[in-house]
Amino acid sequence: MDILEELSASLEAGDTAAVTRLTTEAVAQGLAPEIITGHGLVAGMNVVGQKFKAHEIFLPDVLLAARAMHAAMEILKPHLVGKQLPTAGKVVIGTVQGDLHDIGKNLVSIMLRGAGFEVIDLGKDVAPERFVDEAEKTGADAIGMSALLTTTMPMMKEVVALAKKRGLYGKTRILVGGAPLTAEYAEEIGADAYCFDGTSAVDRMREFAGG
Amino acid sequence: MLAAPRSVFMEITRRDFGAVFEGEGLNDSEAPLGGIYERSDGLALFAVTLGRAVSRQITDLFDSHEYAAGAMLDSTASESAELAATSVERTFVSGLDAGFEASMSFSPGYCGWHISAQKKLFETLQPVDIGITLTDTFLMQPLKSISGVIVAGRKEIFIFDDNFEFCSTCRTRTCRDRMNAIKKQV
Ligand code: B12
Ligand code: SF4
């Protein structure tokens with residue numbers, strides 16, 4: 001097994017110690033950081049994503065792999081200065097204004113990052129302007145919003161309205177998620193996708209990026 | 001201490017509870033609790049919280065990239081909040097005079113009882129004494145908190161058909177387990 005395959009397998013196993021060691025070794029061998037990321041880390045994370053989707057592994061397995069991925073990225077960071085890592089796309093994400101539930105949003109961010117997307121996490125209780133300002137500033141491909149209460153869901157509609165006003169609508173896709181939401185509600189407010197979980201968020205983002 | 005559970009409950013008459021139930025007038029036209037509380041033998045408003053520290057710990061774990069530990073602590077804390085609510089229900093019920101057979105608790109935001117009823121519930125119960133506050137969007141802080149009403153009465157009042165309009169989008173159907181538990185109570 002070459003070092004990248006080994007790295008990928010250790011990542012799948014959520015073995016942070018092995019991933020740290022192998023990433024350091026790969027750098028020492030002179031492998032380019034973008035190769036280590038693409039062929040080792042993201043490749044491993046993709047397998048993790050597929051297995052999770054097929055119910056072969058559980059959420060904590062995914063999260064352990066994500067922690068290992070983070071540790072590897074910390075090692076690679078200094079070697080990436082001035083270089084642009086190829087990303088699958090950019091997403092601005094947050095929990096809408098008036099809502100403080102962020103576990104779901106955090107899990108979605110982890111899944112998207114694992115799949116190679118750049119995620120700009122605005123946190124919770126995020127005002128509509130912040131979503132749109134940040135998407136505009138960073139040229140994000142999508143805005144992702146989370147709401148866990150029926151009383152905070154309407155904030156999503158305001159973000160869509162503001163995106164329309166600023167000419168982002170249609171260019172920047174809008175993804176919504178959270179327990180009380182439905183696909184019908186998403187359609188009604190003009191969002192591009194309702195996502196039941198992190199895996200479906202990755203799938204929809206890939207669709208958008210591909211088309 | 002990571003979880004510092006605190007709870008409060010207050011007995012309430014059917015008439016006074018009627019106003020809390022009505023809340024801001026936003027309930028679904030029919031909700032199971034409506035038919036249940038009117039036939040009850042005892043009612044109490046309650047609120048429980050695990051406190052702020054546990055939520056802070058969950059955030060800290062996520063911030064330090066200990067995602068699995070963070071997610072597991074989050075689920076454990078949610079489950080603990082539910083257990084704390086069950087324990088308040090038992091305490092209230094055990095203090096009641098005999099004459100009722102069963103009990104069940106209901107929370108605003110579930111099964112047709114609109115979440116905005118939190119406003120009247122908070123005005124009446126004042127759970128601020130145990131450190132819970134309510135935001136304009138009816139969100140309780142600390143996050144791991146539960147509020148509602150405990151209903152005690154004859155078994156039959158708790159049995160209903162889960163075919164209300166809002167049931168069509170319900171993913172959990174938890175009422176079925178709750179009704180089965182009531183049927184099994186002796
Ligand atoms: C666990 C739970 C609790 C826990 C803790 C909640 C917490 N988050 O800390 C406890 C028991 C304390 C609790 C309390 C209450 N709860 Co509660 N709770 C839940 C429950 C069962 C699960 C929520 C959860 O944490 N899920 C786990 C996370 C990981 O999932 P998630 O946030 O949904 O995120 C996933 C997806 O939704 C999606 N997603 C989420 N965001 C995004 C964003 C994007 C961009 C994308 C792509 C995807 C995505 O992907 C995520 C990962 O899979 C839900 C019902 C449900 N089935 O979801 C009710 C629910 C949220 N609660 C509800 C209610 C009403 C309450 C209370 C108001 C009840 C009360 N009166 O006491 C209180 C409020 C607490 C407060 N602080 O104000 C209602 C809200 C509905 C409404 N009417 O507004 C729900 C929906 C239950 C219901 N009626 O069906 N609750
Ligand atoms: S089916 Fe769901 S919404 Fe309907 S009463 Fe039962 S738990 Fe409540």
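## Salt bridges

Over all chains, the structure holds 18 salt bridges, each being a side-chain nitrogen of Lys or Arg within 4 Å of a carboxyl oxygen of Asp or Glu. This is a predicted model, in which local features need pLDDT of at least 70 and side-chain atom pairs count only at pLDDT 80 or more, while totals for chains, interfaces and linings use all residues. Side-chain values use heavy atoms, with hydrogens and water left out; residues are numbered from 1 along each chain as its sequence is written, and chains are lettered from A and ligands numbered from 1 in the order in which they are written.

One of the salt bridges joins the side chains of A:Lys53 and A:Asp203, at 2.7 Å from N to O. A:Lys53 belongs to helix 3 (residues 33-53) of chain A and A:Asp203 to helix 9 (residues 198-210) of chain A, so this pair ties together parts that are 150 residues apart in sequence. Helices here are DSSP runs (H or I, at least four residues), as are strands (E, at least two), and both are numbered from the N terminus.

## Where the two chains meet

Which residues form a salt bridge with 2.7 Å between the closest N and O atoms? They are A:Arg67 and B:Glu66, and the rule finds one salt bridge across the interface of chain A and chain B. Helix 4 (59-76) and helix 5 (103-114) of chain A are the elements that give two or more residues to the side of chain A that touches chain B. Helix 4 of chain A supplies the largest share of that side, six residues. By class, the side has 13 nonpolar, seven polar and two charged residues; Ala, Val, Leu, Ile, Met, Phe, Trp, Tyr, Cys and Pro count as nonpolar, Asp, Glu, Lys and Arg as charged, and the others, Gly among them, as polar.

In the interface, 22 residues of chain A are in contact (heavy atoms within 4.5 Å) with 16 residues of chain B. The area buried between the chains is about 1,700 Å², with carbon and sulfur atoms giving 72% of it; buried area is the accessible area (1.4 Å probe) that two parts lose on being put together, summed over both. In chain A, A:Leu100, A:Ile103 and A:Thr151 lose the most area to chain B, together 28% of what that side buries.

## The sheet of chain A

Chain A has an open sheet of five strands in the order 2-1-3-4-5, with parallel pairing; two strands pair if DSSP finds at least two bridges between them. Strand 2 (118-121) and strand 5 (193-194) of chain A are at the edges with a single partner strand each, so one side of each has no neighbour in the sheet. Strand 1 (residues 90-95) of chain A pairs with strand 2 of chain A over four bridges, and A:Lys90 stands opposite A:Glu118 in strand 2 of chain A.

## The sheet of chain B

In chain B, four strands make an open sheet in the order 1-2-6-3, and the pairing is antiparallel. Its edge strands are strand 1 (6-11) and strand 3 (102-106) of chain B, each pairing on one side only. Strand 2 (residues 42-49) of chain B pairs with strand 6 of chain B over eight bridges, and B:Val48 stands opposite B:Ile146 in strand 6 of chain B.

## Backbone details in chain B

Most residues other than glycine have a negative phi, and most peptide bonds are trans. B:Gln126 is not a glycine, yet its phi is positive, about 55°. B:Gln126 sits in the loop between helix 5 (118-125) and strand 4 (133-134) of chain B. A cis peptide bond joins B:Gln141 and B:Pro142, with omega about -5°.
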